[in-house]
Amino acid sequence: MDFILNEEQKLMIETARKVGEKFGPDYWRALDAEKAFPTECWQAICDAGLTGAMLPEEFGGAGLGMVEVALIIEELCAAGAGATLAQIFMLNPIFGGVSIAKYGTDKMRAEWLPKLCSGEMQFCMALTEPDAGSNSLELKTSATVEGNGWRLNGQKIWITGVPQSQKMLVVARTTPVGQIEKKTQGISLFMIDTKREGLSHTAIDKLGTNTIPSSQVFFDNVLVQGDELIGTLDKGWHQLLDVLNTERIVTTAGLIGAGRLALKLGADYANERRVFGKTPIGAYQSVQFPLAQHWAELEAAKLLNLKAASFFDNGLPFGSESNAAKLIASQAASAVAERAMQIMGGMGFSKEMHAERLWRDARLFRFAPVSEEMILNYISMANLGLPRSY
Amino acid sequence: MKVLVPVKRVIDYNVKVRVKSDGSGVDLANVKMSMNPFDEIAVEEAIRLKEAGTADEVIAVSIGVKQAQETLRTALAMGADRAILVVAADDVHQDIEPLAVAKILAKVVEEEGAGLVLAGKQAIDNDMNATGQMLSALLGWSQATFASDLKIEGEHAVVTREVDGGLQTIKVKMPAIVTVDLRLNEPRYASLPNIMKAKKKPLDEKTAADYGIDVSPRLEVVKTSEPETRQAGEIVPDVDTLVAKLKEKGII
Ligand SMILES: Cc1cc2nc3c(=O)[nH]c(=O)nc-3n(C[C@H](O)[C@H](O)[C@H](O)COP(=O)(O)OP(=O)(O)OC[C@H]3O[C@@H](n4cnc5c(N)ncnc54)[C@H](O)[C@@H]3O)c2cc1C
């Protein structure tokens, strides 16, 4: 088995590290406090050509695979951002990019993908509703035919990145539940403007990932044009899953980067801080061992994530690997950020030391985009052949 | 005009250097290696000359172990047009001395018909600060060292040099060797599209023997040792105590 990175992959990692280091932990700390979007950082990532790594070359991408995407994101996140930067990759190249590249029209591809890669356009994705989270097939948002298009009504929640995006991928019912056999039928995808009559949104006050707002979104008779449908009418569910599947690989890559950063902050502090006499606290095994434990967990999660990415790139099923990697990475990243705070004692509680921000941000990924419990449900059924418990 | 840029593979500047237990040198096994930072500045300057239309072609050259191919690939990904690898060592611990490097470079310059050599002022591993100067002597070309600004004006290069106490501007006749200092420019990073393009750019592989140059060492490293660890500081309440302490230690 070949674990050796090729020359191009090494260079990409190097570029990602350099771009990431231009926007180190202090940059993110300041933006976190201001609740401001990392505009300059995202632009630099786009300028370096990293945004479109796995999008088609003819539309401004690099035509690479998820392995490269995972390597790039990990390195960017490890340089200072932590896990939240990976979300901007989810929103743009994944939710926007993959949906358009795979299911969009030629016109959408030609017009939007180059702008996505250059940073001129941003995207968000609206699936979750107040009564449809883990049970997303319960979604109630509806699109009813009017003329050549549709009228959209309903409510979404936790939609991330709405204010800075031009486009929103909306998941809606186009055929009511009563008229279909299975709930997976009658669902369609639309790519609409975020600024449009009848569409309103309000930001949710939240614990972390403050540089990218999450909002409640209301659709009050929003007009959808006929050419804004992405994919196949009424058959959008499986196409959506196909888009969302790669999201897990991106999430995990970000968490591994965040974990590496927390490990470094913790170890650096432990090497310097002396409490009793001349011995640095890093010499105590009770300080070392948890960090060593998390290092091992993160390495294992990284390997599993790259396996998932490599399977994806080779057209093989990768669901079990990507889910399991995300499970371990989210737990390890949360735990190592928490441990870094513990190592810093009182200073760990200070925003200046960054560990608390990494901890707040990493915590999200234990229940989103998919919760630990739902991953365990999945593994129980798909890998262990156990009955569905819900 | 062709610009030749020699680039050296050195221990990454972020790596905490460890001396080998036998004191024979720095441990380079499984250590991250990168392009010498001053050479990155030289590559950047060469690319800018090409972008400005002053240079037609930028050629990167590295002399050392086979792995220096990665360093050359970095130069190509930044924007150099092609690269030449001169394999002159098998062991990563074998440093090729400045004179041997300069002799090989002189041959490459002649073979390529280069009109300008842009080199780093020194390599951060052994800080020799000699290759550029030796090359200029071997070729009989002008030299301008420690450049913090470079302009090509017809038959001349106008170079601002960082010297003790300020800046000195000199005008040298082309062809010339210019060695570059830290403040000349801020090197770009390789964008993803350029990384992919670099894969297809030509990289020739040669050996020191192809140029008839003997690279066996002339210098003997007697001993390498770690710098002394810093002593713990002491906080004093006022200037008087500070002065008293300094006197006590015989510093003033
Ligand atoms: C900051 C943030 C950003 C987000 N961004 C987006 C976005 O951009 N777009 C979007 O569409 N959505 C987004 N989401 C929504 C996210 O995907 C959902 O929060 C997630 O899917 C979980 O759904 P829920 O919150 O409704 O939890 P619920 O589904 O209500 O789950 C509550 C708890 O019950 C557990 N549970 C439920 N069913 C079972 C079961 N059968 N067995 C065991 N345990 C179970 C869950 O694991 C969880 O712990 C975001 C959420 C957050 C917090």
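This is a predicted model: local features need pLDDT of at least 70, side-chain atom pairs count only at pLDDT 80 or more; totals for chains, interfaces and linings use all residues.
Residues are numbered from 1 along each chain as written, with chains lettered from A and ligands numbered from 1 in written order. Local features need pLDDT of at least 70 and side-chain atom pairs count only at pLDDT 80 or more, while totals for chains, interfaces and linings use all residues.

**Exercise 1.** Work out how H1(A) and H4(A) are oriented to each other.

Start with the axes, which are lines fitted to C-alpha atoms over the stretch in contact, with angles from 0 to 180 degrees between N-to-C directions. Helices here are DSSP runs (H or I, at least four residues), and strands are E runs of at least two, numbered from the N terminus. The axes of H1 (residues 7-22) and H4 (residues 66-81) of chain A come within 8 Å and cross at roughly 30°. Angles under 35 degrees count as roughly parallel, so H1(A) and H4(A) are roughly parallel.

**Exercise 2.** Describe the contact between chain A and chain B.

Count residues whose C-beta atoms, placed from the backbone, lie within 7 Å: chain B gives 12 and chain A gives 13. On the chain B side, H2 (68-78) and H5 (192-198) supply two or more residues each.

Conventions
Angles under 35 degrees count as roughly parallel, over 145 as roughly antiparallel, 65 to 115 as roughly perpendicular and the rest as oblique. Two residues are in contact if their C-beta atoms, placed from the backbone, lie within 7 Å.
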